[in-house]
Amino acid sequence: MASNKKYWKSVEELKETSPIVDTLKHNEFVDEIPTDEFLADKETLETSSTTRRDFLKYVGFTTAAASLAACEGPVVKTIPYVIKPDDIIPGVADYYATTMVDGFDFANILVKVREGRPIKIEPNKEANGSTNARVQASVLSLYDSLRLKAPKANGSEISWEEADKQIVAKLNELKEANSPIVVLTNTCASPSTKKLINKLGDTYGNVQHVIYDAVSESAALDAFETMYGTRALPDYNLEKAAVIVSIGADFLADWQGGGFDVGYAKGRIPKNGKMSHHIQFESNMTLTGANADKRVMMKPSAQISTLLKIYQAIVKGESTELPEAVKNAVNQLKKAGSKAVVLTGIQDKNAQLLALAINKALNSEVIDVNAMRNIRHGNDAKVSQLIADMNAGKIGAIIINNANPVYTLPNAKEFVEGLSKVKLSVAFTMQDNETANAVQFALATPHYLESWGDAVIKKGHYSLIQPTIQPLFKTRQFQDALLVWTGSNTSYYDFIKESWKSNVLDGNKSWNQALHDGIYVKETTGTVEAVDVDTDAAAKALSEVKGSDFELTLYTKVSLGDGQMANNPWLQEMPDPITRASWDNYITMSKADAEKLGVVNIHVANGALNGSYVEVTVNGVKEVLPVIIQPGQAKGSLGLALGYGRKQGLKEEMQTGKNAYQFYKNFQNNQFDVTVKLVSGEHEFACVQLQNTLMGRGDIVKETTLDTFNNTALDPKETWNKVAVVSLDHKEVEATKVDLWDSFDRSIGHHFNLSIDLNACTGCGACVIACHAENNVPVVGKREIRVSRDMHWLRIDRYYSHEEDFAGDVELKENSSGVIGYKETMSSLEDPSENPSVVFQPVMCQHCNHAPCETVCPVAATSHGRQGQNHMAYNRCVGTRYCANNCPYKVRRFNWFNYPENDEFDYYMNDDLGKMVLNPDVTIRSRGVMEKCSLCMQMTQATILKAKKEGRPVNTDEFEVACSNACSTGAMVFGDVNNENDTVTELVKDKRAYHLLEHVGTKPNVVYQVKVRNIQEA
Amino acid sequence: MSSHYEAPIRRPLIIGDKSYHDITVDVAAPVEGKANKLWWTAFTIALLAFLWGLGAIIYTIGTGIGVWGLNKTVGWAWDITNFVWWVGIGHAGTLISAVLLLFRQKWRMGINRSAEAMTIFSVVQAGLFPVIHMGRVWNAHFVLPLPNQFGTLWTNFNSPLLWDVFAISTYLSVSLVFWWTGLLPDFAMLRDRAIKPFQKKIYSLLSFGWTGRAKDWQRFEEVSLVLAGLATPLVLSVHTIVSFDFATSVIPGWHTTIFPPYFVAGAVFSGFAMVNTLLIIMRKVSNLEAYITEQHIELMNIVIMITGSIVGCAYITELFIAWYSGVEYEQYAFLNRATGPYWWAYLLMMSCNVFSPQFMWSKKLRTSITFSFIISIVVNIGMWFERFVIIVTSLHRDYLPSSWTMFSPTFVDIGIYVGTIGFFFVLFLLYARTFPVIAQAEVKSILKSSGEKFKQLRDGNHE
């Protein structure tokens, strides 16, 4: 459209008849340009110093210069705030206290928010919160590009208003027909939600609430309810325990909702010559078993009989002939008395009853029946009843919240059939998963970081959930929907606030303060009393359980858990702490069984692990699964992780493994009707650790026993914490004291050290994910992991012993004689024992003060900082990989490809949504660059700057790094050794302290604490 | 007749009844004549291999080092193996032309031109690898101590990799100058014989205006001697520095003080083998049997035998020291090298490098052209595996067993290696068709013409 606007060109135009304006109308210039005159003046032209050639040169140059200036890199625009929000300062992180609740994990957390984006989860230490790997990784699920972004009705998008209208109409219809409405949720532990479900009942009449946990603890709940009258789980304070006997309870992982590692680790650090003694009876090699002092492998059926024997010995006082291991356990329990505890993971009400009875008989202080935990509430019987009712056509409507029964139910088919007979089926879900595609209405819910909510994780511990970001998509919370459907106008936020003010806070704390703290702890009164239960009948019923040739134990991995977060690449890539395999689930099998069946694990030319396939039949359900031969797996037992094999709502790369829920019949983790047979084919595993044993290298992981440790007559440096010596001028000198270089004065400023206590480290891997999140560590996928190209800056090495324990390995090696003998010993040491001793060792860059990597870099891209860190200047790195070759710890990671914004690596760094999780303080590395742990330099610098701004010295123990922050067991302690009050200063001087490979002379700034094992034979 | 006592003279280095003109004609023949089918076939194969390698290099640079078989534990494998292998091969040329010149070994004259050409071409191949093995080739200039505006940003002179940069570039430039100096009179000869104006123009450019005055010759001799003096320490220093890449590290199996002499011996060993490989073919194809005689081959074989034995001693010393040191990591590194998953590579190395040259003790075998050719190939295979064994078997199982893994090459690794062989032969074949492959000016100085002629006249062997 042509514009009629007139523009002023000069003031002259004000005059009505200005000659200049007139002239300009016709000519470009007021005065004529004397071109002709100029060209005609041949003389001047010829005398001019500018020749035609010069002129062309100038033209050429200007053209070239102009076109060069026009070339520039693609511009990515950042958009500044038009009006800056008051509470957001670019570059400064805000922390919000909230609670992670997804039905499987519950944690009081702090959320780090940068420029309005939540980017990291940290434990809320003021609320005694602790985080595991999944909680740490949950922030990435917020930015999952495959989230359900809007409500759907029968597969097509619908507006919320329309959905509400249709659903409410249906609900009213059902109300008139008095047809039952079922609300199926997982454990939400939320009093407000419960209230709202009740309100739904008030509005629509016949409403039932069924709680369904994909991985059930129903047996433990039933047992506790029977004995103590409340449907909840007791708390165990393992710090108080002197003796822990666990029968198939993986309590350092997800047993009864997890979180026991904190107390456990405290009891495992030798204090005043004491530490707890831990006996584990189990079939799979679990994280817990790997940490035990005494691990007895047995099939699930044998575990049951062991529990019975302990029950008879402790509760009944019978003294029958017992197997050695059980006798030892019983004696230990008796000796420790009230300081002992028995835990069991057998999903059988009777077994759980017996465990409670034993603890009662022991008068155990460890178990706290009054501090009840609400993090598992599922009721198997009700779920089974629901499915039966649905199929019988008795159910009018089903409203599912945050559960994926179509994937997690062993009898999912029946459930789907049942759904078709229900008049109204609604699923509130964050993911476009199996259930979302099976129901009529799939309603998109926000992530917990976008939601309001509350939870009572433990009795009296009221936690709040607050959003840390505006909802990214057209989502609405389940609770908000319930409010709308019950005709209420209030928002869920107002609803919680109101109900907290009137019911929870009691005026002791303001709402704002509670929200700030994330938790409100209410004094609880009232104790529960045990009622008399006929435990003998339970024992009798239990003794009738029949074992079989093969028994399968289903478990959850510390990475993927129940499988909700299967689309989370951090968790997929996190190596299993035991097998060190990622991106897979598999059958674990003992070596003896593998040999019998002809199952093999082999390494191909590039070292990668391949395994045979077996066909496993459980109660008639068949599945072909790959096998990893697992040291410590009880003969006749098999292990398989739940949570894998999901297909819907997942990127193709994340559709890993096979669904083990199909075997989870009757919600039993132990399945007895199992047959296995070898089938053809080889599976390609992605395993990050290919050598499983320590090869008798006792100086890598130093170990001792409690007795030796307590023996004050021994000099640690001479005995159990030997320092390597070298010959200097024909004298034996401690290797750590020999120096080629003049060292600079390190007493000025900060000098960072990180201490890792091998006694407290359980190998859980929370630090691995925390490091991922903090440092923008790329995910490389199964193919790359398989060829040993994992990018983890921090890894947790797991070693098995070849002999019964690691000391045996060293002894075997030292006793070998001759070249042939040595060769044979070394090749035999490559194989782990049948039931090995296990040790975990987190390894990251050791920040050597004499770093081998620094001397070899031709461009000085890696050099030492004054604060002790070994720096990497990514911009300077040309990628010769010499540093990585020369690193004795092999902690340097090379960018083999361009990992961000590469379709070949379609994980979170390849889409705009996923990239929102990136930490703006840490550079994204390009391909061809070496990277490694920086000791979270961005964090230490931020701490220093904060102190500087506030005009104070850095406080004691103020320095933190991502891994030490995430470590709930306190195994990792970071600090400044130039500050004598810092905890780490004490630790580096501890008699347990040693450096990894100190004989190489690298003088690392990471220090390990010798592992002390409490080997006791009663 | 019998009154004249004739001393038992050395065997003639040029056989056949050659006159000065014959030499000129023989040397100029491949340049002036037309290439035969064999040459074209060989050239096509070499060119294809080169192009394949070029494609593999472009693919690597475009996609990332990840297309190779390396991993977090084994950060170098075929790349640096090839680098050291090619550098090693490059050692023979300078040794022959410089060291033997100083020692007045006249037999070098028949072979030094091609040996030096081989040196330069193989150093070109070698130089490729440190460049393309970088993750960010486009920043390769960072390794040069260039003045910059970043304050104290400078290269790290502690790094052996930087020493490599200097060692290789010095070696390449000195070798090139030395070679070219020798070429001047020969280029002038080709220039003078050239008929086509284009050829004449090119050769006159290449011969830097050589006129053949006495002054030219005098300077020529002086420069040759000076350059020989300069190049001789380089023969020792280059591979010493290359060995520092490993010797100065902390990795068991690399951290070894024996490396410098061991590497130099190995380099001469493989270089002579490669010279044998090339010359045995060339003397046949270019009809140069009169100049590169059985005697040359035999002398080369003796050097191969000696250096092979030195290398063998080094291998055994390494094993001994590992045992004697009492250091467990050292002991395991060598145990693993010999009996671990790469035992076959170690066995190949041992049999090719230590055992196969021992056949040369037999006069019959070392004067057999076919056998020499076979052994020369075997030695080069062995020496490639030596470097592979040192690099990969030391890295793949070092200190922490948790990081142990294996290495297996991808098609790109293989492609680049084959590509450099192709590139090498492309250069060598072009050289054989355009350069005077025998230092004819020098060779003419050892032609016993007058004496021989007189004898013929005296004995009445008229033609």
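Student: Which residues does Phe806(A) touch, not counting residues up to four places away in sequence?

Tutor: Two residues are in contact if their C-beta atoms, placed from the backbone, lie within 7 Å. With residues up to four places away in sequence left out, Phe806(A) touches Leu694(A), Gly698(A), Val701(A), Glu703(A), Ser801(A), Ser837(A) and Val839(A).

Student: What kind of model is this, and how are its residues and chains labelled?

Tutor: Residues are numbered from 1 along each chain as its sequence is written, while chains are lettered from A and ligands numbered from 1 in the order in which they are written. Local features need pLDDT of at least 70, side-chain atom pairs count only at pLDDT 80 or more, and totals for chains, interfaces and linings use all residues, since this is a predicted model.

Student: Is Phe806(A) buried or exposed?

Tutor: Phe806(A) belongs to helix α26 (residues 806-814) of chain A; helices are DSSP runs of H or I with at least four residues, strands are runs of E with at least two, and both are numbered from the N terminus. A residue is buried if 20 or more other C-beta atoms, placed from the backbone, lie within 10 Å of its own, exposed if 12 or fewer do, and partly exposed in between. Phe806(A) has 27 other C-beta atoms within 10 Å and is therefore buried.

Student: How far apart are the C-alpha atoms of Ala223(A) and Lys349(A)?

Tutor: Ala223(A) lies in helix α8 (residues 218-228) of chain A and counts as buried because it has 25 C-beta neighbours inside 10 Å. Neighbours within four places in sequence aside, Ala223(A) is in contact with Lys349(A), Gln352(A), Leu353(A) and Leu356(A). Although Ala223(A) and Lys349(A) are 126 residues apart along the chain, their C-alpha atoms are separated by 5.2 Å.

Student: Which residues of α9(A) are buried?

Tutor: Helix α9 of chain A covers residues 261-268, and six of its eight residues are buried, so this helix is largely enclosed by the rest of the structure. The buried residues are Asp261(A), Val262(A), Tyr264(A), Ala265(A), Gly267(A) and Arg268(A).

Student: What is the radius of gyration of chain A?

Tutor: Chain A holds 32 helices and 42 strands. The radius of gyration is taken over C-alpha atoms, and the globule rule is 2.2 Å times the number of residues to the power 0.38. That rule gives 31 Å for 1018 residues, so chain A is as compact as a globular protein of that length, with a radius of gyration of 33 Å.

Student: What percentage of the residues of chain B count as buried?

Tutor: Chain B comes to 17 helices and zero strands, and its C-alpha atoms fill a box of roughly 85 × 55 × 45 Å along the principal axes. Of its contacts with a separation of 6 or more, 83% are between residues 24 or more positions apart. Among the 463 residues of chain B, the buried share is 51%.

Student: Are α3(B) and α15(B) roughly parallel or roughly antiparallel?

Tutor: Helix α3 (residues 78-89) of chain B packs against helix α15 (residues 411-434) of chain B at an angle of about 15°, with the axes 10 Å apart; axes are lines fitted to C-alpha atoms, for helices over the stretch in contact, and angles run from 0 to 180 degrees between N-to-C directions. Angles under 35 degrees count as roughly parallel, over 145 as roughly antiparallel, 65 to 115 as roughly perpendicular and the rest as oblique. α3(B) and α15(B) are therefore roughly parallel.

Student: Which residues of α5(B) and α9(B) make their contact?

Tutor: Helix α5 (residues 108-132) of chain B and helix α9 (residues 259-285) of chain B pack at an angle of about 125°, with their axes 10 Å apart. That makes α5(B) oblique to α9(B). The contact is made by Ile111(B), Ser114(B), Ala115(B) and Met118(B) of α5(B), together with Met274(B), Val275(B), Leu278(B), Leu279(B) and Met282(B) of α9(B).
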